[in-house]
Amino acid sequence: AFSSVAGDRGRRKNYAYGATKAALSTAMEGLSARLAPNGVTVLCVKPGPADSAMTWGQFPASSPLLARPETVARDVLSALSRGRAVVYTPWYWRPIMAVLGALPAAVFRRLPI
């Protein structure tokens, strides 16, 4: 399932989108736990903002924060072949979201994101 890094922490600009992605991620985590004993792998893909029609004009075309379709595809295939349950793509979104997730709510609310 394709979720998003937006589901890892609620932001003021896209809280409804983030809430739906958080729900999807949680559902996939539960499904993964349920099916793992049967040898079934469930993969939750968490791309950063993707270079797509939805984000067109929001980021410079050369922004390193944009997830390129080719990168996402490569990362998904790699995660599937390794039996991963979650993949952040591009890879650097995992540490970015770890830092944002570790911030106290009072600090996070002051960030202009």
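## Salt bridges

At a relative accessible area of 39%, D51 counts as partly exposed; buried means under 20%, exposed over 50%, and partly exposed in between, with a 1.4 Å probe and protein chains only. The model is predicted: local features need pLDDT of at least 70 and side-chain atom pairs count only at pLDDT 80 or more, while totals for chains, interfaces and linings use all residues. Residues are numbered from 1 along each chain as its sequence is written, and side-chain values use heavy atoms, with hydrogens and water left out.

D51 forms a salt bridge with R68, at 3.6 Å from N to O; the term requires a side-chain nitrogen of Lys or Arg within 4 Å of a carboxyl oxygen of Asp or Glu. Both R68 and D51 lie in the loop between β1 and α2, so the pair ties together parts that are 17 residues apart in sequence. R68 is partly exposed, with a relative accessible area of 23%. Across the whole structure, the search finds two salt bridges. D8 and K46 form a salt bridge in which the closest N and O atoms are 2.8 Å apart. This pair links distant parts of the chain, 38 residues apart: D8 is in the segment before α1, and K46 is in strand β1 (residues 44-47). Helices (H or I, at least four residues) and strands (E, at least two) are DSSP runs, numbered from the N terminus. K46 is buried, at 9% relative accessibility.

## Surroundings of D8

D8 is partly exposed, with a relative accessible area of 27%. Leaving aside neighbours within four places in sequence, D8 is in contact with Y88 and M97 as well as K46, where contact means heavy atoms within 4.5 Å. The C-alpha atoms of D8 and A19 are 8.9 Å apart in space, and the two residues are eleven apart in sequence.

## Nonpolar cores

The largest nonpolar core consists of seven residues: L43, V45, A67, V72, V76, A79 and V87. Such a core is a set of buried Ala, Val, Leu, Ile, Met, Phe, Trp, Tyr and Cys residues joined through side-chain atoms within 4.5 Å. Helix α2 gives the largest share of this core, three residues. V76, one of the core residues, touches F2, L43 and V45, not counting residues up to four places away in sequence.

A second, separate core has six residues, among them Y88, W93, M97 and F108. Y88 and M97 are also contacts of D8.

## Helix α2 and T71

T71 is found in helix α2, which spans residues 69-81. T71 is buried, with a relative accessible area of 18%. Not counting residues up to four places away in sequence, T71 touches T89 and P90.

## Pockets

The largest pocket has a volume of about 680 Å³. On a 1 Å grid over the protein atoms alone, a pocket is an open set of points where a 1.4 Å probe fits, with protein on both sides within 12 Å along at least five of seven lines; lining residues have an atom within 4 Å of a point. Grid points are joined across faces, edges and corners, and the volume is the space filled by probe spheres set on the points. The lining of the largest pocket has 27 residues, of which A6, R11, N14, P49 and F59 are the closest to its centre. By class, the lining of the largest pocket has 16 nonpolar, seven polar and four charged residues. Here Ala, Val, Leu, Ile, Met, Phe, Trp, Tyr, Cys and Pro count as nonpolar, Asp, Glu, Lys and Arg as charged, and the others, Gly among them, as polar.

The second largest pocket has a volume of about 160 Å³. Its lining consists of D75, S78, A79, R82, R84, V86, V87, Y88, W91 and R94, with at least two residues supplied by each of α2 and β2 (86-89). Five of the lining residues of the second largest pocket are nonpolar, one is polar and four are charged. A79 and V87 in this lining also belong to the largest nonpolar core.

## M54

M54 lies in the loop between β1 and α2. At 57% relative accessibility, M54 counts as exposed. The C-alpha atoms of M54 and R109 are separated by 25 Å, and the residues are 55 apart along the chain.
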